[in-house]
Amino acid sequence: MKAILCVDDEKIVLDSLLNQLMDAFGDEYIYEVAESVDEAWEVIEYMNDQGISMVLVITDWLMPNVKGDKFLVDLHQRFPNTTKIMLTGQAEENSVKNAFSNANLYAFIKKPWDSNELIQKIAYALA
């Protein structure tokens, strides 16, 4: 099985993302959400232990404790084949560059996002 993880400290954002992903991809993937980077690592470790491949991580940048680019760089070091998308309303330019340079960031999408654009980028990324 393959999984998609969405990380954002705002539950309303996670709910919206989850609905859009499920509408677009149905039961093709397992969908997980995390409201913090710590929670995301717990989900990733659990999935990895279960032999489930985390094929895509969509994360916010501005979160408590750990910023999205730092999380993606750490994720890339441990799971380089996971596709990474940053979806955020505010991110420092250097942080976005850091994610592209050091985490192999696939896409940067600003909030509020266009759902068609988001799903299209995800579909391309997973193809």
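Predicted model: local features only at pLDDT ≥ 70, side-chain atom pairs only at ≥ 80, totals over all residues.

Strand S4, residues 83–88, and S5 run parallel and are joined by four bridges. Within that pair, Thr88 stands opposite Lys110 in S5. Two strands count as paired here if DSSP finds at least two bridges between them.

Residues are numbered from 1 along each chain as its sequence is written, and side-chain values use heavy atoms, with hydrogens and water left out.

Back to the sheet. It is open, with five strands in the order S2-S1-S3-S4-S5 and parallel pairing. Strand S2 (30–34) and strand S5 (107–110) are at the edges with a single partner strand each, so one side of each has no neighbour in the sheet. On average, neighbouring strands are turned by 20° against each other, direction ignored. H3 packs on this sheet and touches strand S1 (2–7), strand S3 (53–59) and S4, and its direction makes about 175° with that of S4. For these angles, axes are lines fitted to C-alpha atoms, for helices over the stretch in contact, and the angle runs from 0 to 180 degrees between N-to-C directions. Touching, or contact, means heavy atoms within 4.5 Å.

Now the overall picture. The protein has five helices and five strands, and along the sequence they follow the pattern β-α-β-α-β-α-β-α-β-α. Its radius of gyration is 13 Å, close to the 14 Å that the globule rule gives for 127 residues, so the protein is as compact as a globular protein of that length. That radius is taken over C-alpha atoms, and the rule is 2.2 Å times the number of residues to the power 0.38. Along the principal axes, the C-alpha atoms fill a box of roughly 35 × 30 × 25 Å.

Next, helix packing. Two packed helices are described by the angle between their axes and the distance between the axes.

Take H3 with helix H4, residues 93–102. They pack at about 5°, with axes 9 Å apart, and are therefore roughly parallel to each other. As for cut-offs, under 35 degrees is roughly parallel, over 145 roughly antiparallel, 65 to 115 roughly perpendicular, and the rest oblique. What makes the contact? Asp69, Leu72, Val73 and His76 come from H3, and Ser95, Asn98, Ala99 and Asn102 from H4. By class, that is three nonpolar, four polar and one charged. Ala, Val, Leu, Ile, Met, Phe, Trp, Tyr, Cys and Pro count as nonpolar, Asp, Glu, Lys and Arg as charged, and the others, Gly among them, as polar.

H3 (residues 68–78) also meets helix H2 (residues 37–49), where the axes come within 12 Å and cross at roughly 20°. The contact uses Val37, Ala40, Trp41, Ile44 and Glu45 of H2 with Phe71, Asp74, Leu75 and Arg78 of H3. These residues divide into six nonpolar, no polar and three charged.

Helix H1 (residues 11–25) and H5 pack at about 60°, with axes 11 Å apart, and are therefore oblique to each other. Their contact is made by Leu17, Gln20, Leu21, Ala24 and Phe25 of H1 and Ser115, Leu118, Ile119, Ile122 and Ala123 of H5. It has eight nonpolar, two polar and no charged residues.

Last, two backbone details. Most residues other than glycine have a negative phi, and most peptide bonds are trans. Asn65 has a positive phi of about 75° although it is not a glycine, and it lies in the loop between S3 and H3. The peptide bond from Lys111 to Pro112 is cis, with omega near -10°. Pro112 is in the loop between S5 and helix H5 (115–126).

Technical notes:
Helix = DSSP H or I, 4+ residues; strand = E, 2+ residues; numbered from the N terminus.
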